[in-house]
Amino acid sequence: MAGGTPLNDEDRIPWLCTLHSILRREDSSRQDAILACSALKKMYRHILVNGASAIETEQPEEKPSLKILFVHLDGPIDIIAGRLEKRRGHFMPPELLKSQFDTLEPPSAPENFITVSLEKPLPEIVLEIESAILQGEASVE
């Protein structure tokens with residue numbers, strides 16, 4: 001939001017529903033898609049998978065609307081803070097990092113996810129994600 005006002009869950013829901021619609025459109029066109037966003041809460045990821053119907057219930061659907069592989073990039077706050085400080089012109093200031101960690105609800109079963117350590121070198125991180133995708137963990141059914 002302009003002016004540095006933090007977003008709340010109500011602010012995020014229409015945006016998450018729009019992202020779900022984009023992913024649904026790509027799926028319908030048999031297109032692969034990669035979406036990068038900080039879906040910090042389980043509810044956010046649930047909306048990305050199931051769209052607006054997820055708002056009524058936080059329980060997992062028997063058959064998710066979309067099969068999405070969530071990549072949880074995990075690392076200590078000091079490593080992430082160091083990377084944030086090196087960014088120039090990015091919308092997220094390093095001083096907001098603690099609130100992001102406080103908000104984070106790491107993915108758990110039955111969510112479709114992998115956890116990748118940020119302590120690894122970047123080429124290793126990329127290979128781990130590519131491997132998970134190629135093994136079919138991210139295929140849309």
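User: How many of the nine residues of α2 are buried?

Analyst: Start with the terms. Buried means under 20% relative accessible area, exposed means over 50%, and partly exposed lies in between, with a 1.4 Å probe and protein chains only. Helices (H or I, at least four residues) and strands (E, at least two) are DSSP runs, numbered from the N terminus. This is a predicted model, in which local features need pLDDT of at least 70 and side-chain atom pairs count only at pLDDT 80 or more, while totals for chains, interfaces and linings use all residues. Residues are numbered from 1 along each chain as its sequence is written, and side-chain values use heavy atoms, with hydrogens and water left out. In α2, eight of the nine residues are buried, so this helix is largely enclosed by the rest of the structure. The buried ones are M43, Y44, R45, H46, I47, L48, V49 and N50.

User: What do the buried residues of α2 pack against?

Analyst: Packing is read from contacts, meaning heavy atoms within 4.5 Å. The buried residues of α2 pack against α1, α3 and β1 (70-74).

User: At what angle do α1 and α2 pack?

Analyst: Two packed helices are described by the angle between their axes and the distance between the axes. The axes are lines fitted to C-alpha atoms, for helices over the stretch in contact, and angles run from 0 to 180 degrees between N-to-C directions. Here α1 and α2 pack at about 35°, with axes 7 Å apart. A crossing is left-handed if the near helix is turned anticlockwise from the far one by less than a right angle, and right-handed if clockwise; the crossing of α1 and α2 is right-handed. On the α1 side, the residues that meet α2 are D9, R12, I13, L16, C17, L19, H20 and L23, and their partners in α2 are M43, Y44, I47, L48, V49 and N50.

User: Which residues of α1 are buried?

Analyst: An α-helix has 3.6 residues a turn, so residues three or four places apart point the same way. In α1 the buried residues are I13, L16, C17, L19, H20, L23 and D27. They pack against α2 (42-50) and α3 (53-56). I22 also belongs to α1 (residues 9-28), but I22 is partly exposed, at 35% relative accessible area.

User: How far does α1 reach from its first C-alpha to its last?

Analyst: The expected span of a helix is 1.5 Å times one less than its number of residues. With 20 residues, α1 reaches 28 Å, close to the 28 Å expected.

User: What does the side chain of H20 reach?

Analyst: H20 is part of α1 and counts as buried because its relative accessibility is 8%. Its side chain reaches the backbone oxygen of L48 at 2.8 Å. Leaving aside residues up to four places away in sequence, H20 touches I47, L48, V49, N50, G51, S65 and L66.

User: Which backbone angles deserve a second look?

Analyst: Most residues other than glycine have a negative phi, and most peptide bonds are trans. R30 has a positive phi, near 60°, and is not glycine. R30 sits in the loop between α1 and α2 and counts as exposed because its relative accessibility is 72%. Just after α2, G51 has a positive phi of about 75°. The peptide bond from A109 to P110 is cis, with omega near 10°; P110 lies in the loop between α5 (97-103) and β2 (113-117).

User: How many disulfides does the structure hold?

Analyst: A disulfide is a covalent bond between the sulfur atoms of two cysteines. The test is a pair of cysteine sulfur atoms within 2.5 Å, and the structure holds zero disulfides. As for individual cysteines, C17 is buried at 17% relative accessibility, whereas C37 is partly exposed at 30%.

User: How many helices and strands does the chain have?

Analyst: There are six helices and two strands, in the order α-α-α-β-α-α-β-α along the sequence. Of the 141 residues in the chain, 26% are buried.

How values were computed. A polar contact is a pair of N or O atoms within 3.5 Å; within protein, one must be able to donate a hydrogen and the other to accept it, and residues adjacent in sequence count only if both atoms are side-chain atoms.
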